[in-house]
Each structure stands twice: as C-alpha cells, then as structure tokens.
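Please open the structure in a viewer and keep the selection panel at hand.

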Amino acid sequence: MIPELGHFALILALSLALCQGVLPLIGAHRNDAALMSVARTAAQGQFFFVALAFACLTWSFLQSDFSVAYVANHSQLALPTVYKVSAVWGAHEGSLLLWILIMSAWTVAVGRYSHRLPEDFTSRVIAVLGLLSVGFLLFTLFTSNPFLRLDIVPQDGADLNPLLQDPGLAIHPPILYVGYVGFSVAFAFAIAAMLSGNLDQEWAKWTRPWTTAAWCFLTVGIALGSWWAYYELGWGGWWFWDPVENASFMPWLMGTALIHSLAVTEKRGLFKSWTLLLAISAFSLSLLGTFLVRSGILVSVHAFATDPARGFFILAFLGIVIIGALILYAIRAPELDSAAGFKLLSRETFLLLNNILLVIAAAVVFYGTLMPLLYDVLKLGKISIGPPWFEFAMLLPMLPLVLLLGVGMHSAWRMQPHKALAKKLRMPALVAVVAGILIPGLLYGRFGVMVSIGTAAAVWIMVSALIEPVRSWRRAEGATAISRSMLGMSVAHFGVGFFALGITLVSAFTVETDQAMRKDGSVEVAGYSFELRELRNVEGANYQAIEGRVEIRRDGELIGEVLPQKRQYIVQKNWMTEAGIDAHWNRDLFIALGDQLGNDTWSVRVQYKPMIRFIWLGAFIMALGGLIAISDRRYRSPA
Amino acid sequence: MSKFLIPLFAFLLLVAVFVVGLTMDPSRIPSPLLENPAPVFSLPSLQDPAVEVGSANYANSMALVNIWATWCAGCRQEHGFLLELAREGDIPIFGLNWRDNRPDALQWLQTLGDPYIASAFDVDGRVGIDWGAYGAPETFLVDRNGVVIHKHIAPLNREIWERDFVPLIRAREGVE
C-alpha cells in the first residue's frame, strides 16, 4: 500500500510540475497575474508530493519491504538503520528521486525569497525549474520507478553495496546533489532573463547568491566525497580522476568561473553573453555528469545502472534542455553589447583570465573523461587516461590561475595604477618566495623546484588574501569596515591557498610502502614504527572482519594505536578494506591490510601523508567564504 | 549571430558521439571461447556433494550454461526468466553455482524455484575461471558438439533472448 501511495504521489507531482512549467510561462507572456500566481503554489504542491514519495520509499526501506524490487536489491534485514535510510539514495532509482526532491526544494526556496523580483521574472524562473522537474519525473516514472513490486518476494534482500555502508557516503551524495542541482537555479535565471529579453545587469545580481550557495554545497560535497574515497577505498589516494568524480568536478570548475563572471556582469555590465553561456554550461555539465554516470556509457566503479534505455532517455532530455537553451542563447546573445571599457591592468582583465583558465581546466577534465569514449566510437581501440595525465594537464591552467589570483584580488575595476599595486604586493611576494624555499627545506629536509613553486604559490595566495581583512581589522576609528562580500572572497581565496599547500606537500612528501608484516613484526615509515600487536576476529551487524591492532611508535614512545580491518560482508561476500588512520593536523599515518600471506602474516600498505587534512580543510574554508559572501547586506536590501 | 551558434554546434557534435557510444556495449569483452570447444569439467552437485555433475550432463544437445550465485543481484533479476525458459522446455539450462555457499544456494532454489537440469557447486571458482567468467550472471550457449556459440554478460531477459539467442539456435538447428 505504502509503495503504491509513493508511486501515486510521484504521478501527482508530475501533473503539478506540468502546471508549474507551462501556466506561468503563458502568464508571463500575456502579463496575466492569475496564471503567474500558479507558479509558487504549484511548486509547493510538487515539493509536497515528491517529499511524500520520498518518505514512502524511506518507509519501505525501514520496514524492509522486500516486495519492492528496489528495496530487495539494496537492503537487507541486518542492515543498520542509518544505512537503511541512506540506501534510499544508494542506487539509481532512489538517487534520481533525491535529485527531484532537492530540485523542488530549491524551487520552493526561490519562490520564497524572490518577492523583491518582478513577478514575471520569478514566474519564468519557477516555470523553467518546473519543466526540468517534468523531465526528471518522466524519466523516473518510465525507466527508473523505485516503487516497482516483485512477483516473488525474497525472504531477505541482496544488501546495500558495502562500499556505501559508511557515514561519509551516507551524507555525501545529498550535499553533492544540493550543489549539482543548485546550478539549475542559475540556469533557470539565465533562461528566464533570455525569455523576457530584459538582459540588463539586474538578473546577474539576483542570480549571484543562488549560484554561490549551490557552489558552496558542491564544494563541500566534493570534499566529503574525496575524504570518503581516501579512507574507504583503502588506497590512501584522495582523488582518482574517476569519471564520476570528474562529473562533479566539471560543473564545479564552470560554477567557479560563473561566480567570477557574474561579479563582472553585475558590477560593470560586461561579459554579459559569456556569463549566460557559463550559466548554461555549468548546469549542462551537471546534467551531462548524470548522463555519463547513469547511462553506463563510461564504465566506472561508481556506475549504478547500465541500461541503454535509460541512457537514451537522459540523452534525449539532455538534448532538449541544452539545445533549447543554446538556440535561445544564439538568438539573444547578439543583442547584447557593452559599451563600458577597461584597461589592461584592471580587475576585469584578471577575472577574464580567471574565466579562461577555469574553462581550460574544465576542458582538460572533459577531454580526459570523454576521450576513451571517442576512441571507442571511432573504432580506434580502447584507451584509458589515467591520473598522471590529469595531474600534469591540470597544472597548465591551475598554476597560472593561482599566481594571478593574488594580483587580481587587489586590482581595482576599470584600471589599476601599477605602482600602488606593486607596493601593496611586495610583502606577500617576498614572504611567498622565502616560504617556498624554506618550508620544504626546513620541515621536510628536501628541496625541489616543483615543491618550492607550489609552496610559494600557496603562501602567496594566503598572505595576499589576508591583506584586506587585516587592514579592516586594524582600521582607524570611523573608517568603513570590509564588506561581507569582500570578506567572503578573501576567506575563499585563503582556502584556495590552504588547499594548494596541502596538495603540494602531500604529493611531494608522501612516503608509501607495501610490505609483508608478521604478527609482532614492525614496519618503519618516515621515522614512525608500526607494530602489528594482535590479529582478531570481530563481528559487525552484517559483516565479519579480521582486525589488526597496530601500535605506532616514534623514537620508542607510543603515540597511537589504530585498528585496520579487512571486512567481509555476509550477504554480498565482498571484501572491504577499512584503513587504520592516525590523524593529526599536520600528518596522517595510514595502514591498510592487503591480503593474508600466511598464518599471522599480511601484506600491508603503510603511508605517511603530510598535510593531507589541509586539502579538505581548504575546501571547507572555500565554502565558508562563499557562505560569508551570501550573507552580504545588499542581497537582502530591496532591489 | 553566427559566432553565438558555435556552442550549439559543438554540443550537437557531442550528441552524435554519445548516440554512437550508447549503441555500443561498454561491458562487451569478446570471449576467447567463442567458436571454440567449451571447457570440460566435473564438479560436486549442489544438491548432493557425493554426486558429480558437469559437462557430461548436457553433452549431445544444445544447452545453456548459466553462471550464478546468491550474492549476485543480477541473478535474482534474471531468475524469473530462466524459470520461464525451463518451463518452455526448448533448451536445457545447466547451472554453475559460482563462489557461493551451499545452504544459501539451496535456500535460493527452494524459494525462487529451480530452472536447472543440474547445478554444479564451484566453491573456489576454478571452473568459472576456465569459462572466463569475471562476474555473474553470465550465460553461455553451447551447441550439440560442445562449441561455445554465444556469451551473454548481465541478466538475461525475453528481449535479449529473442534478439541474440533465438536466431543462433534456429541457424544451428537448420544446419543439423
């Protein structure tokens, strides 16, 4: 009964989404207030029914209703309750439902916080979002219905993929989706602006807080995903250039470019058509990511479903949305012209370079992700592009980006006198160069060109990001304080520096070894000695594990104890590695059990990873900067 | 207007690549066994460890060899269809229970139904390796002379059966 209720709620949501997508558009066109007022109500109704459907599916999981195929395939009686809930979005059908739920939540939020905007504009935005919902609801109902029943009810389910049975993965997809889907708001604003033909700077101002909010979530979501991969996949890497990771990284790069280009459009009325194109691209790449992941066109460890019918449906949907948007763009963009000019040395120039470099970075990821597919299509054979290629290719746009960032932050709009700029940046540059030489040498006892460049660049950003906040903090009585926007920007850029420092030091000074380890034997890594004291069997709710107790000593003194595990999940029978990690702010000590080599002898992977926490912390600081920027007063004051 | 059409054309090109890509099967890895004699094997029966079953059970007739396990969600998906095939009785299905445990597997056949003429119990997966199995479910079509004529990876259903298997079976029957 409950699953049927959920199914029915989805159908009602589809009907409401159709009203939401069509009527307000007609209303805005005819200037009919009654039709336009449908937008908010329909969006709320749609949200209600989607939430109801989602609740029904969650209920089916909690009740272990194995007559529902989706539940039977992705849950099990002994599965801990928290994972029964997160199993709802653990596979294709449910994660689509989550996508729709989040999209309708964004829509309701847009309706709620847009009373200052012209009614016809808001109606169009909500209508565009409604049409996107229609597409996803159709997709769910026709190809991926999570409420389908089984004829023969199994006694127990097939269990959730053990990889996904982890707190990190329970929260990472929802947050990532909030970010992904959030770009649909920027997309809808751009489409609405193009439909109305009123493309002055106002729409950019309205779009900014929404785009930044989506970007914050995406940043946190990607960071959580990376963290999860680090400790759950058991290899000690933090980014694998897996197609699914790339699918979230491309919209992030485009979204970052969009945030910056929106600033120029809002403040100076420049780059208008470019900003529109970025708003379309950021969301298109979110959709494309969904397509790549869901259609199984690229084989990846994350791939949930490989079903060509689904692939064609998403491709058709993707085609309609993106082709429609690009045709509209081709019609409207030529009308845009900007008379305002700017000098070579100005904030506009740096933001332009920022955009170019970020788009190049996105293109690199795009190329690397899709090239294997293209080779296959052109019958040139099967190739694979691995992390070394990505790591090298990403340096090309990223290094100049990081170096220019410090200068760009302190340049004024229109034109920046170069003498003042040089005076301001002399100190940070000096600090950066000294730090670049000293930090690797003094802390890690080794010099290198790349590591010095990386460290210098990171310190350069951090120091130059601090100039304005520090100046504001030490300001004279009566002087104006730094605005929230400026503070947010400084914090986010400081986060970039932090992140860059983490990457540089991790990649330069990681020590890693794979060895055979006996009980009571020890392995030395980077001055730490790891001693395997005990091997025991432990039992979880739905797995059995062999757990090692490893003592970590430095100079004979015990500094920590970790418990790496090798788990076998009872239903799916696959083995999972739970790494033992001793975390500290400036280094992680990582030990993972590999294979059993003999009685009481295991192959182990032991790693010393300096500053790895900085990578995720840097990402969180970036997101925090975004949040501070959104709280700026001018987004709340009347338009 | 022309330069603003560039994004549109770029995207259309991409769509073309995807359409071709979707019609290909990314999981298709040609089996070296195709058109070659199938492995000859003998294993303890799932139902009774004392009885040996194996390739002899389906010698001299066209047969399906289905590699399955209780841990495999796809096997559950195709099970209903295998039962239908077995009821129709046109072709014997031999089950290779792969890297599984006996009580679970027996429970499975009891609750879901048993479409197999016999089930071999391949606990360490050695026979699976001979067949080149790298996942379950996999289904092989073996002809009267013990030659592998088709391999299907992923759950089987009526549509795939009619499209990929039936024409091959008809063709062989025509020859013989």
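**First stop: a hairpin in chain A**

Select strands S9 and S10 of chain A, which form a hairpin with 2 residues between the strands; in this hairpin, A:Asp600 takes a positive phi near 60°. The model is a predicted one. S9(A) and strand S10 (residues 601-610) run antiparallel and are joined by 9 bridges. To follow one of the pairings, select A:Ala592 and look across to S10(A), where A:Arg605 is its bridge partner.

Which residue in S9(A) does A:His584 stand opposite? Selecting A:His584 leads across to A:Arg587. In a regular strand, side chains alternate between the two faces of the sheet.

Select residues 119-143 of chain A, which make up helix H7. This helix has 25 residues, and the distance from its first C-alpha to its last is 36 Å, close to the 36 Å expected at 1.5 Å a residue. Is H7(A) mostly covered or mostly uncovered? H7(A) is mostly covered, with 20 of its 25 residues buried. As a guide to viewing, an α-helix has 3.6 residues a turn, so residues three or four places apart point the same way.

Turn to chain B, whose secondary structure comes to 5 helices and 7 strands. Along the sequence, these follow the pattern α-β-β-β-α-β-α-β-α-β-β-α. The radius of gyration of chain B is 20 Å, well over the 16 Å that the globule rule gives for 176 residues, so chain B is more spread out than a compact globule. The C-alpha trace of chain B spans about 80 × 40 × 30 Å along its principal axes. Of the 176 residues in this chain, 34% count as buried. Among contacts in chain B between residues at least 6 apart in sequence, 74% join residues at least 24 apart.

**Final stop: B:Ala63**

Select B:Ala63, which is found in strand S3 (residues 63-68) of chain B. Why does B:Ala63 count as buried? B:Ala63 is buried because 22 other C-beta atoms lie within 10 Å, where 20 or more are required. Leaving aside neighbours within four places in sequence, B:Ala63 is in contact with B:Tyr58, B:Ile91, B:Pro92, B:Phe94 and B:Val142. Lastly, select B:Ile6 as well: the C-alpha atoms of B:Ala63 and B:Ile6 are separated by 55 Å, and the two residues are 57 residues apart along the chain.

Methods: Residues are numbered from 1 along each chain as its sequence is written. Chains are lettered from A and ligands numbered from 1 in the order in which they are written. This is a predicted model: local features need pLDDT of at least 70, side-chain atom pairs count only at pLDDT 80 or more; totals for chains, interfaces and linings use all residues. Helices (H or I, at least four residues) and strands (E, at least two) are DSSP runs, numbered from the N terminus. The expected span of a helix is 1.5 Å times one less than its number of residues. A residue is buried if 20 or more other C-beta atoms lie within 10 Å of its own, exposed if 12 or fewer, and partly exposed in between; C-beta atoms are placed from the backbone. Two residues are in contact if their C-beta atoms, placed from the backbone, lie within 7 Å. The radius of gyration is taken over C-alpha atoms; the globule rule is 2.2 Å times the number of residues to the power 0.38. Two strands pair if DSSP finds at least two bridges between them.
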